[in-house]
Structures are given as C-alpha cells and as structure tokens.
Amino acid sequence: MDGAWSAAAVRRAESQLMAQLPPGTLMQRAAAGLATECARILMQQRRKRGTAGVYGSTVIVLAGPGDNGGDALFAAARLARRGARVFAVPVMGDRVHPVAAAALTRAGGRLVATPPRHCDLLLDGVLGIGGRPGLPGRAIDQLAAIDADTIVAVDVPSGVDVDTGAVPGSAVTADVTVAFGSRKPCHVLGRAALLVGRLVLVDIGLAPYLDPHPAVRVADDGDLAAWWHEPGPDDDKYTRGVVGVAAGSERYPGAAVLATSGALAGPSGYVRYAGTAAEHVRRRHPEVVCTQEVKEAGRVQAWLAGPGFGTDEAALAELRHVLESPAPVVLDADALTLIGEYPSVLSQREAPVVLTPHDREYERLYGSPPAEDRGAAAAVLAKRLNCTVLLKGHHTVVASSDGEVWANPTGRPQLATAGSGDVLAGFMASLLASGMGGAKAAVAASYLHGLAGGIAGAGHRTVTASDVARALPLAVGATLTAAETPSKRS
Ligand SMILES: NC(=O)C1=CN([C@@H]2O[C@H](COP(=O)(O)OP(=O)(O)OC[C@H]3O[C@@H](n4cnc5c(N)ncnc54)[C@H](O)[C@@H]3O)[C@@H](O)[C@H]2O)[C@@H](O)CC1
Ligand SMILES: Nc1ncnc2c1ncn2[C@@H]1O[C@H](COP(=O)(O)OP(=O)(O)O)[C@@H](O)[C@H]1O
Ligand SMILES: [K+]
C-alpha cells in the first residue's frame, strides 16, 4: 500500500529527518532530484528536434518566497552549470529564497522581471506545501505570457489545496510534477490530481519518518494480489463464493447483462441472476443461473442490487429482500435512489454495504452535492450511513465508515460510457462474494475497472461497457502477474 500524506504530516517527518542531517541537506537532495528529472526532460525533447541536451536550452523559474522557490532555484542553478540559459522571475515582490538565488546567480543564471516569451522548460516554484489555494497575480500573468514546451511543478502544482485536492482559484497545470519524499493528497484527489501531469517521486529519505497511516491510501498491484482469492485444489464453485445480481428490468435488460458480465469477470465461482431480464441474461451468459425474483434465488455470499431495476414498488420490495440477506451487498444506481427516498431500509442492516454513487446520486443520498474535498465528502456519507462509499469520478474515492480514505490511481475518461458503472458494480459484488471486505472490494474493483478501461481503450480506441467487461480478466491477469514480478510495471 502506498499513500499520500498531509502537509502537516510531511513537515513533522521532515523536521525529524532534518534533525539528523547537516543544514540544507534535504533541500539539496530535493534540488538534485528535480534537476535530474528536468535534465532528462530537456534531453528527450531536444533530441527529438535534433539539438543538443541541457546546454543551450532556455529554462524559466517562477520563484515564490519560500522553500519551494528555493528548491526550484537550486535545481535551476544545477541546470545553469550544465549550460542552460536560466531566467528566474520573483513572483511575490522581490522575496525569493536568498541562498538559492545567490547560488543561481553564481552559476550564471539571472533574476529578471521580464523573461523571454518562450522556453524549453518552465519550473513552477511558486508555492509548495506551505501554499494556500490560489496564485499571486504576477504568477498568473507570467503563466499566461510564457510559452513553455514543458511545465514542471515543484512538489505540487502551485495554487491547489494540498491537503484536499480542491482547486478553488487559479492553479498551475503541469506536464510533470516532481514531488519530494511522498505523495500529498492533491496528487491523487479531486481537480488538483488533473493538474499534476506525470508524477515523479524523488526519494529524500523521508519514508522511515512518515506516519504509518497516510491521510489517503493508494492501492498497488501488491495489495490487489494479497487480497485476491485464487482458487485452491480444495475449492469448488460454492467455496469460491456465489454472487447474486438483482438488476435490470424489461425496460432496461442491458443493465442486467452488463452487471452479470462484471460479476462473471470476478473471482467468485457462481453467478445467480434474479429479475425480469432473465431471458436476456441467459441468452448472453449461459453460465448464469437465473430466477425471476430475489427470494427464489437461493443462498449467495454477496448481492448486487440496483442497476436498471427501477424505483417502483416492485423494485423496493426486491431491494428489501436483498437487504434481509445476511450477505454483504453492493447498492448501485436505482437502489441508491431508493435509499435516498427510504433511508430506513438500511437501518436494520448489520452485514457490510457498499454504496457506489456518482455526484448526482451522492446528492440524492446526502442532500447536497459532494464537497470539493472529495475524500471528506465520501467519508461523511460513509459515516452517516455506516456503509462503505465509492464516490465515482475521474479520480474515484473510497471511504469506509471508520474514516479510512482511498484514492484510486487508475482509470481514464473513456470509462464515462453508459453501463460502465453496471460492470463495475457486478465485478465488485463478485469480489465481496469471494470473501474480500467491503472497502477492499471497492478499492480493488475501481483499480481493476480503471485498468480494464486502459486496456480496452489502448491506442485511442473507443470503449463500450461491454469492452470494459471483456478487458477485466486481462486487467486481473496483468495485475497479479506484475505483483509476482514487480519490476515489470512501475
Ligand atoms: N521542509 C523541508 O525540509 C523541505 C522542504 N522542501 C520544499 O519546501 C516547500 C515548502 O516550503 P515553505 O514551507 O517555505 O512554503 P512555500 O514555499 O509553499 O511558500 C510559503 C510562502 O508563500 C506564502 N503564501 C502561501 N500561499 C500563498 C498564496 N496563495 N498567495 C501568496 N502567498 C502565499 C506564505 O505566506 C509563505 O511566505 C515544499 O513544498 C518543498 O518544495 C524541500 O526542499 C524538501 C525539504
Ligand atoms: N471523466 C472520467 N474519467 C475517468 N473515469 C470516469 C470519468 N467519468 C466517469 N468515470 C468512471 O466511469 C464509470 C461510470 O459509472 P456510472 O456513472 O455509474 O455509469 P452507468 O450508470 O452508465 O453505468 C465509473 O467507474 C466512473 O468512475
Ligand atoms: K510548486
């Protein structure tokens, strides 16, 4: 498991580490890592044009008053020593890190008020973890005036809310963000995560000092492999878990077909379907055992209820039957609308429940749209309803009722296609049926669903929900294989 640590937690870890080191060591480690990445970028982009590497390139630094500006200026000094033409623009009056500015000048760089209009690389050293959201006006003006081939954000894209990922004002949009010591929540949550570009982590020796509980957790291939239930020689189709799908209707049979496609891609050994779209499911998936109603379906180890099954009396009755079961349950789509109208149907529930709202469904459940701090938004709903909440979006968030927050690192906008959520929900129910806990199943399902979107959409291919379902087994295979050989995927 990886994670993202708040600014305060990073500062605590940094001060412990700094106490062990000569003054300035940490900033030099950060600057060295940053300069190495910048040199790599310059060499790559200039090689494409047939020009030399760092030598002769133009680098502009937007320098704020704090240590973030210090990192940028020290890194730029290293580039200047390799022959880059460096121009540093102080963006808050003339306040800049004095020692770093002197180092840049000694290396041949210049502090200027008006830099060239074009550069190979722009370093955003305006604000780091000490930044409040929003950018000073001079930084906004410079960003608009300079045409940069590549924008590299130092530690975080300046202007974002570091701890929540909210972007309430102006902020830098980076091509690459070079982060020091650890991820911060803005790298993985909310609109800020869209401004990060490619994230590069520079190791400055912080890891042993970081709190073992990050503010936001981020799953990796190893977690997925540890949680995944591979069938053993003594398993049979029942011991692998039976998943029940209560979805679809005569009007929306597709939801039943897609939700069962998702369930079939998961680790459970048996998929039952209960609903009025049984004929469609049978035709498409002969493996699925179908009944018309939930109470005829027999025992399952987990249920999915909701996609396309309507919000009328009959649907409410089916939802009540599902919730009477002692098995864990995923509630999606129409089931979320019903829960918003009749919250009392959840009150007797003891077995785990996972709710999978997108923003409009969240509003139906919570009474107002999710806050820009999407981690907190998911967590308050999870606590109020005593459920796991998977809040969908470009960076899906999972929160458990006890306050654990996970950010999903996979996925791409092609997943925003009708029925893709039905596939996700069916797949998640299969993970629950295999014995995975509520939060882990939600985290694992969004992780693998995101990868499946990437596989289905590789090479700019268009993607349908059926494509995502077909790609899920490939995503599972790639993840479990990568966990066996970690060097194969970074
Ligand atoms: N603490 C350490 O040991 C290390 C810190 N490092 C760097 O230090 C950074 C943090 O540096 P600082 O704590 O100096 O903070 P920042 O460099 O983020 O800047 C804080 C300054 O900006 C002002 N400010 C904040 N938000 C503003 C806004 N929206 N508009 C105008 N002014 C604003 C503040 O009043 C303060 O003067 C990290 O992000 C990282 O880049 C690295 O060098 C690694 C080591
Ligand atoms: N812009 C986006 N970038 C990445 N993933 C997205 C984006 N928009 C939606 N998604 C994902 O696509 C899926 C859509 O689910 P949902 O809205 O329930 O669709 P449907 O109800 O049609 O099945 C979710 O997994 C969501 O996280
Ligand atoms: K920055």
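Which helix gives the most residues to the shell around ligand 2? That's helix α13 (residues 420-433), which supplies 4 of them. Before going on, know that this is a predicted model, where local features need pLDDT of at least 70, side-chain atom pairs count only at pLDDT 80 or more, and totals for chains, interfaces and linings use all residues. Residues are numbered from 1 along each chain as its sequence is written, while chains are lettered from A and ligands numbered from 1 in the order in which they are written.

**Domains**

- The protein splits into domain 1 (2-214) and domain 2 (221-488), with bounds that come from an automatic or database domain assignment.
- Their contact takes 11 residues from domain 1 and 10 residues from domain 2; two residues are in contact if their C-beta atoms, placed from the backbone, lie within 7 Å.
- On the side of domain 1 that touches domain 2, you'll find 8 nonpolar, 3 polar and no charged residues. Here Ala, Val, Leu, Ile, Met, Phe, Trp, Tyr, Cys and Pro count as nonpolar, Asp, Glu, Lys and Arg as charged, and the others, Gly among them, as polar.
- The centres of domain 1 and domain 2, taken over C-alpha atoms, are 39 Å apart.
- An unreviewed UniProt entry carries the annotation "domain: YjeF N-terminal" for residues 10-212. UniProt positions follow the numbering used here, feature names are shortened, and annotations may be inferred rather than shown by experiment.
- Helices (H or I, at least four residues) and strands (E, at least two) are DSSP runs, numbered from the N terminus.

**The sheet**

- Seven strands make an open sheet: 7 strands in the order β4-β3-β2-β5-β6-β7-β8, with parallel pairing. Two strands pair if DSSP finds at least two bridges between them.
- At the edges sit β4 (110-111) and β8 (198-202), each pairing on one side only.
- Strands β6 (residues 147-154) and β7 (residues 176-180) pair in the parallel sense over 3 bridges, and V152 stands opposite V176 in β7.

**Around the ligands**

- Ligand 1 has 25 residues around it, and G66, D67, N68, G128 and G130 come nearest. A residue is near a molecule or strand if its C-beta atom, placed from the backbone, lies within 6 Å of it.
- α1 (7-18), α2 (25-48) and α3 (67-81) each supply at least two residues of that shell, and α3 gives the most, with 4.
- By class, the ligand 1 shell has 12 nonpolar, 8 polar and 5 charged residues.
- Ligand 2 has 18 residues around it, with K392, H394, L415, A416 and G421 nearest; the classes are 6 nonpolar, 9 polar and 3 charged.

**Loop residues to look up**

- Most residues other than glycine have a negative phi.
- D155, in the loop between β6 and β7, has a positive phi of about 70° although it is not a glycine.
- D155 counts as buried because 29 other C-beta atoms lie within 10 Å; the cut-offs are 20 or more for buried, 12 or fewer for exposed, and partly exposed in between, with C-beta atoms placed from the backbone.
- A333 lies in the loop between β14 (329-331) and α10 (334-341), has a positive phi near 50°, and is buried, with 26 other C-beta atoms within 10 Å.
- G248 sits in the loop between β10 (242-246) and α7 (253-264), and its 28 C-beta neighbours inside 10 Å make it buried.
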